[in-house]
Amino acid sequence: MSRGVAKGETPDAKGNALERGLGHGTQKPLAGGPRGVSPIATTLVEWHGRHGRHDLPWQHDRTPYRVWVSEIMLQQTQVSTVVPYYLRFMERFASITALANAPIDDVLHLWTGLGYYARARNLHRAAVRIRDEFSGEFPRTFEQVADLPGIGRSTAGAILSLSRHERFPILDGNVKRVLSRYFGIEGDLSERAAVEKLWALSDECTPHEKVEIYTQAIMDIGATVCTRRNPLCSYCPLTENCIARRENKQHEIPAPKKARARREKHVYMLVAQKDDDSVLLERRPETGVWGGLWCLPEFETESAARLFATQSLRLPQPEPRHLDLIEHAFTHFDLIVTPLLTRCEGPMAVMEAPRSLWYNPRQPARVGLPAPIKALLTGLTDPIMSDERAIR
Ligand code: SF4
């Protein structure tokens, strides 16, 4: 879980001015153990009182449900991006049962633009399980929570410690970075031995008292001070005993991941538009890119798109117009889409109702759309675009 650290957050993004040298010198490397109080915990709890984040929407009325939704949204996503999505989501789905009872399209609609849509599908699936197996009450035990779709060991620990003050360690991306630097854990942190070691350290550092404050504090220190690129060691309360700091290895720990070569994927998408401006969309498969979202029909070649237009849209000689390319970066590749705009007079010859719909950008249905496709469809209603189509 990165909480957007890769993109960086400033330490005073929430108005928490940090003071140079704050809290130095109170901790030893580790002397607590499972039943003791680790010096790190004491230091971080104290630090959080003055400099941690206290005003985020999910920090109020901390029910397991509210914390759960925030933890899922914060995976791979910066806090500032999440906040408006979170507020809209909680307004629409105020309870687990409300979420479970909603159509998945409603959930994906509110997730549009947040990315990593498997998170939304898992959230919905888990809500349905909680409704059906736990009468809508968030499960009581760690094992039950960790067994829900989309919830792993660290997320389960975070939910239970933050909302119920139960002592469970966490090891998201931020915590992994802080602990590996503090304890000087070098090498590939994705290897099993390193992960086990970090879990053990996280467990030893996690206090029995004020666990909810400690959990929030170590998340905050990772997000705002011990950042990936430019850790602010001079402002860090852990600086005195931090091994990475002492050995000037902040930029070597955690070891940078080996860069994978990015690839490009080129596809064509047909923008079949009727006179009322509605556009044909298809629901994408559950797995894969933009899983479960509504999208333009996609083809590997332009000739395949033309064939579809001929056979399914009954266009005798389709001459689609090339719109501006869409480029969208995914984690490991860049998707480059050539949209092909064509007019479509009548109904489709073949149409599988549950998997296709005519979407009118002027009266948009509540469905989930990939953000770049939504932008393209909205652009189609632009008067300049309409004029261009009329000229054509
Ligand atoms: S001293 Fe620097 S490297 Fe060490 S935990 Fe603090 S911010 Fe991270």
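Student: Hey, I'm looking at helix α10 (residues 192-205), so how far apart are its end C-alpha atoms?
Tutor: They are 20 Å apart, which agrees with the 20 Å that its 14 residues should span at 1.5 Å a residue. The expected span is 1.5 Å times one less than the number of residues. Helices here are DSSP runs of H or I with at least four residues, strands are E runs of at least two, and both are numbered from the N terminus.

Student: Before we go on, what sort of model is this?
Tutor: It is a predicted model, where local features need pLDDT of at least 70, side-chain atom pairs count only at pLDDT 80 or more, and totals for chains, interfaces and linings use all residues. Residues are numbered from 1 along each chain as its sequence is written.

Student: Thanks! Back to α10: which of its residues are buried?
Tutor: L198, L201, S202 and C205 are the buried residues of α10. They cover an arc of only 100 degrees around the axis, so they sit on the same side of α10. That arc is taken from the directions from the helix axis to the C-beta atoms. "Buried" means that 20 or more other C-beta atoms lie within 10 Å of the residue's own, "exposed" means 12 or fewer, and "partly exposed" is in between, with C-beta atoms placed from the backbone.

Student: Why would residues a few places apart point the same way?
Tutor: An α-helix has 3.6 residues a turn, so residues three or four places apart point the same way.

Student: OK, and what's on the face turned away from the buried side of α10?
Tutor: That face carries the exposed residues R192, A193, E196 and A200. The buried residues, in turn, are covered by elements including α1 (39-51) and α9.

Student: What about helix α11 (residues 211-224), how many of its residues are buried?
Tutor: In α11, 14 of its 14 residues are buried. Its end C-alpha atoms are 20 Å apart, which agrees with the span that its 14 residues should have.

Student: Changing topic: which residues come nearest to the ligand?
Tutor: C226, C233, C236, C242 and R245 do, out of the 15 residues around the ligand. A residue counts as near if its C-beta atom, placed from the backbone, lies within 6 Å of the molecule.

Student: Which helix gives the largest share of that shell?
Tutor: α9 does, with 3 residues. Both α9 (173-183) and α12 (243-246) supply at least two residues each.

Student: And how does the shell split by class?
Tutor: There are 11 nonpolar, 2 polar and 2 charged residues. Ala, Val, Leu, Ile, Met, Phe, Trp, Tyr, Cys and Pro count as nonpolar, Asp, Glu, Lys and Arg as charged, and the others, Gly among them, as polar.

Student: Now the strands: do β1 and strand β7 (residues 333-343) pair in the parallel or antiparallel sense?
Tutor: Parallel, over 11 bridges. One of the facing pairs is V271, which stands opposite L341 in β7. Two strands pair if DSSP finds at least two bridges between them.

Student: Which strand is antiparallel to β7 with 4 bridges?
Tutor: Strand β6 (residues 326-329) is, and H328 has L335 as its bridge partner in β7. β6 and β7 form a hairpin with 3 residues between them. Strand β5 (residues 321-322) also runs antiparallel to β7, joined by 2 bridges.

Student: I clicked on E264. Is E264 buried or exposed?
Tutor: E264 counts as exposed, because it has 9 C-beta neighbours inside 10 Å. E264 is found in strand β1 (residues 263-273). Leaving out residues up to four places away in sequence, E264 touches F333, D334 and I336. For contact, the two C-beta atoms, placed from the backbone, must lie within 7 Å. E264 and I336 are 72 residues apart in sequence, yet their C-alpha atoms are 7.1 Å apart.

Student: Last one: where is there a cis peptide bond?
Tutor: The bond from I253 to P254 is cis, with omega near -5 degrees. P254 lies in the loop between α12 and β1. N248 lies in that loop too, and its phi is positive, near 55 degrees, although N248 is a residue other than glycine.
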